[in-house]
Amino acid sequence: LWRSGVLGPVGLLGLAILAFATLSFTWAPNTLDAGFGLWLLALWALALWFGSTVNDFRPLWQGLAVGLTVSSVVAIFQWFGFTPVLANSAERPTGLFFNSTLLGASACLVIIALISQRQWAYIPGVLPALLLSGSRGAFLVLTLTLLTRYLRVRYILCAMALAAAILVLTLDASDSDRTRLMVWGAALRELNLFGNGIGSFSTFYMLASSRILYPGWVHNDYIQLWFEFGLASLAIIALYAMVLAQRTSDHWPIFFAFTLFGFFYFPLW
């Protein structure tokens, strides 16, 4: 990451976000969580800097594909009941990831990147990771992103809104997705102008049906950004909007998929 480059307006905006996050230590509820949150924010900043200094991303996608191919092999073993690495036997195969959802999301993003960069030879090694993860979200995001080649983005977003409405109306009382909706509602009730401080949601607990829940993440990047940063989160959302406006870029489908994941998962974190 020790690379030369031009620190333009986007970089200066990023430094302003880092400065605000550091200032938010003064009102964050837990110093250790705030420190970890700032570490994650530094990783976002370094990723942005790395991306601004690279012209050819194909080696990056190839390297990620090779890593996911290893996870595919591990996932196949896990599917047949052999666990060469620590895994939750009650879950679907996780590969080298901590859960199957993250395996599926990572495989989805890399497959989209390989398609957009026409690196076809690497896709077969990543496919088992996607298929064995059984992640509904990964399949949904992959399908919607590929459909952007044929449909307008607003139609895709309307389809997502309709799917979300149907999901809300058909949830069972025992459905895990209902818990996610409860977390969203609890987080929305705690939003304020200046945010609760960097890393603050890690300290968030909620009472539901006579039991204490510790969600860890909101499972919605945009709500969590406002929860922690308040109005300052608009700067990050503005960066999202700037990237999504670059429809002619070969990399646009990758970030579009990343943005979709942010509605029901936590790719930023």
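This dialogue explains how several features of the predicted model above are read.

Trainee: On what conventions does the description of this predicted model rest?

Mentor: The model is predicted, so local features need pLDDT of at least 70 and side-chain atom pairs count only at pLDDT 80 or more, whereas totals for chains, interfaces and linings use all residues. Residues are numbered from 1 along each chain as its sequence is written, and side-chain values use heavy atoms, with hydrogens and water left out.

Trainee: How many helices and strands are there in the chain, and what pattern do they follow?

Mentor: Helices (H or I, at least four residues) and strands (E, at least two) are DSSP runs, numbered from the N terminus. The chain holds 11 helices and 2 strands, and their pattern along the sequence is α-α-α-α-α-α-α-α-β-β-α-α-α.

Trainee: How is the radius of gyration of the chain to be read against the globule rule?

Mentor: The radius of gyration is taken over C-alpha atoms, and the globule rule is 2.2 Å times the number of residues to the power 0.38. For 269 residues the rule gives 18 Å; the chain has 19 Å, which is close to that value, so it is as compact as a globular protein of that length. The C-alpha trace spans about 55 × 50 × 40 Å along its principal axes.

Trainee: What part of the chain counts as buried?

Mentor: Buried means under 20% relative accessible area, exposed over 50%, and partly exposed in between (1.4 Å probe, protein chains only). Of the 269 residues, 42% count as buried.

Trainee: Why is helix α9 described as largely enclosed?

Mentor: Helix α9 (residues 221–229) is largely enclosed by the rest of the structure because 8 of its 9 residues are buried. Among them are Asp221, Tyr222, Gln224 and Glu228.

Trainee: What is found at the start of α9, and what follows the helix?

Mentor: A polar contact is a pair of N or O atoms within 3.5 Å; within protein, one must be able to donate a hydrogen and the other to accept it, and residues adjacent in sequence count only if both atoms are side-chain atoms. At the start of α9, a side-chain oxygen of Asn220 reaches to within 3.0 Å of the backbone nitrogen of Tyr222. Gly230 follows the helix, with a positive phi near 65°.

Trainee: What does the side chain of Ser233 reach?

Mentor: The side chain of Ser233 reaches the backbone oxygen of Gly230 at 2.7 Å. Ser233 belongs to helix α10 (residues 233–244) and counts as buried, at 0% relative accessibility. Contact means heavy atoms within 4.5 Å; leaving aside neighbours within four places in sequence, Ser233 is in contact with Leu225 and Trp226.

Trainee: Is Leu244 buried or partly exposed, and which residues does it contact?

Mentor: Leu244, also in helix α10, is partly exposed, with a relative accessible area of 25%. Beyond its neighbours within four places in sequence, Leu244 is in contact with Trp252, Phe255, Phe256 and Thr259.

Trainee: How are aromatic pairs described, and how many are there?

Mentor: A pair of aromatic rings is described by the distance of the centres and the angle of the planes. Rings of Phe, Tyr and Trp (its six-membered ring) pair if their centres lie within 6.5 Å; planes under 30 degrees apart count as stacked, over 60 as edge-to-face and the rest as tilted. By this rule the count comes to 16 aromatic pairs. One of them joins Phe201 and Phe204, which are stacked at 4.8 Å centre to centre with 20° between the planes; both residues are buried. Another, Tyr265 with Phe266, is tilted, at 4.4 Å centre to centre and 35° between the planes. Tyr265 counts as buried at 6% relative accessibility, and Phe266 counts as buried at 7%. Ring pairs also link Tyr222, Tyr240, Phe255, Phe258 and Phe263 into a cluster.

Trainee: Where does the charged end of Arg247 sit?

Mentor: A charge sits over a ring if NZ of Lys or CZ of Arg is within 6 Å of the ring centre and within 35 degrees of the ring normal. The charged end of Arg247 sits over the ring of Trp252, 4.2 Å from its centre.

Trainee: Which residues does Leu96 contact from its loop?

Mentor: Leu96 lies in the loop between α3 (58–79) and α4 (100–116). Apart from neighbours within four places in sequence, Leu96 is in contact with Val70, Ser71, Val74 and Val85. Leu96 and Ser71 are 25 residues apart in sequence, yet 5.4 Å apart in space, C-alpha to C-alpha.
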